[in-house]
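Here is a short tour of one protein chain, written for someone new to reading structures. Keep the sequence and the 3D view side by side as you go.

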Amino acid sequence: MSAEHEPEAESRPHSYDLFEDRSRIARLEWRQRPRTALGWYLTEGAAPARRLFVDTAIDELARDTRSPAHDWDLHAELAAILSAALALDAAGRALYPSRLRPTRRFRRPLSAGRYEIHVTEVSPQILARAVPELHLDAISNVSVLAGELVAGGLEAALHRIALLGGRVVAVFSDDD
């Protein structure tokens, strides 16, 4: 599978290789030590890691110096889990700033609706964090994401899957 955790998975459980055309281009990882450095970091090649802005709640938690260590660690772990999809979106914007601008004159996002996305080459555990807005079922080596998406939601989900090195084998819509 493309998007595997490092061997030291216990020490860095929120660490993801990012891909383009099956080649690793960057690494996204959650850091919570020291407290003030809490957040998601993007590393491209040999360049130093840079902290990504993902959510103001993460910044507030980084400034929290009063909470007991155990409570703060639990809050940091929960923040990592809940913000993984947002971090992938932020990494995509950092890696591909030109994709923020539409390439066609009247480009619109695909319509909202119910979608089913069939994905291979990324573990269901990682996929569940990357696309939490959709229900996930894993069947053999295929993960099936299904549910309602808002306008632009399909593009966001497909972009996150691609960043993780996943291969979308089918997309179905309830549209007639």
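What percentage of the 176 residues of the chain count as buried? The share is 40%, where buried means under 20% relative accessible area, exposed means over 50%, and partly exposed lies in between (1.4 Å probe, protein chains only). This is a predicted model, in which local features need pLDDT of at least 70 and side-chain atom pairs count only at pLDDT 80 or more, while totals for chains, interfaces and linings use all residues. Residues are numbered from 1 along each chain as its sequence is written, and side-chain values use heavy atoms, with hydrogens and water left out.

**The overall layout**

- The chain has 5 helices and 8 strands; these are DSSP runs numbered from the N terminus, with helices (H or I) of at least four residues and strands (E) of at least two.
- Take the contacts (heavy atoms within 4.5 Å) between residues at least 6 apart in sequence: 62% of them join residues at least 24 apart.

**The nonpolar core**

- A nonpolar core is a set of buried Ala, Val, Leu, Ile, Met, Phe, Trp, Tyr and Cys residues joined through side-chain atoms within 4.5 Å.
- The largest one here has 40 residues, and Leu18 and Trp40 have the most contacts inside it.
- Helix H3 (residues 84-95) gives the most to this core, namely 6 residues.
- Beyond its neighbours within four places in sequence, Leu18 touches several residues, including Ile25, Leu42, Leu88, Leu95 and Leu163.

**Helix H5 and its surroundings**

- Which residues of H5 are buried? They are Gly153, Leu154, Ala157, Arg160, Ile161 and Leu163.
- These buried residues pack against E1, H3, E5, H4, strand E7 (142-149) and E8.
- After H5 comes Gly165, with a positive phi near 85°.

**The second largest pocket**

- Rolling a probe the size of a water molecule over the atoms shows where empty space is left.
- On a 1 Å grid over the protein atoms alone, a pocket is an open set of points where a 1.4 Å probe fits, with protein on both sides within 12 Å along at least five of seven lines; its lining residues have an atom within 4 Å of a point.
- The second largest pocket has a volume of about 300 Å³, which is the space filled by probe spheres set on grid points joined across faces, edges and corners.
- Its lining has 15 residues, and Phe19, Glu20, Asp21, Ala162 and Leu163 lie nearest the centre.
- Strand E1 (15-20), helix H5 (153-163) and strand E8 (167-173) each supply at least two lining residues, and H5 gives the most, with 5.

**Backbone details to look for**

- Most residues other than glycine have a negative phi, and most peptide bonds are trans.
- Arg22, in the loop between E1 and E2, has a positive phi of about 70° although it is not a glycine, and it is partly exposed at 47% relative accessible area.
- Glu121 also has a positive phi of about 70°; its place is in the loop between strand E5 (113-120) and helix H4 (124-130).
- A cis peptide bond joins Arg33 and Pro34, with omega about -10°, and Pro34 is in the loop between strand E2 (23-31) and strand E3 (39-43).
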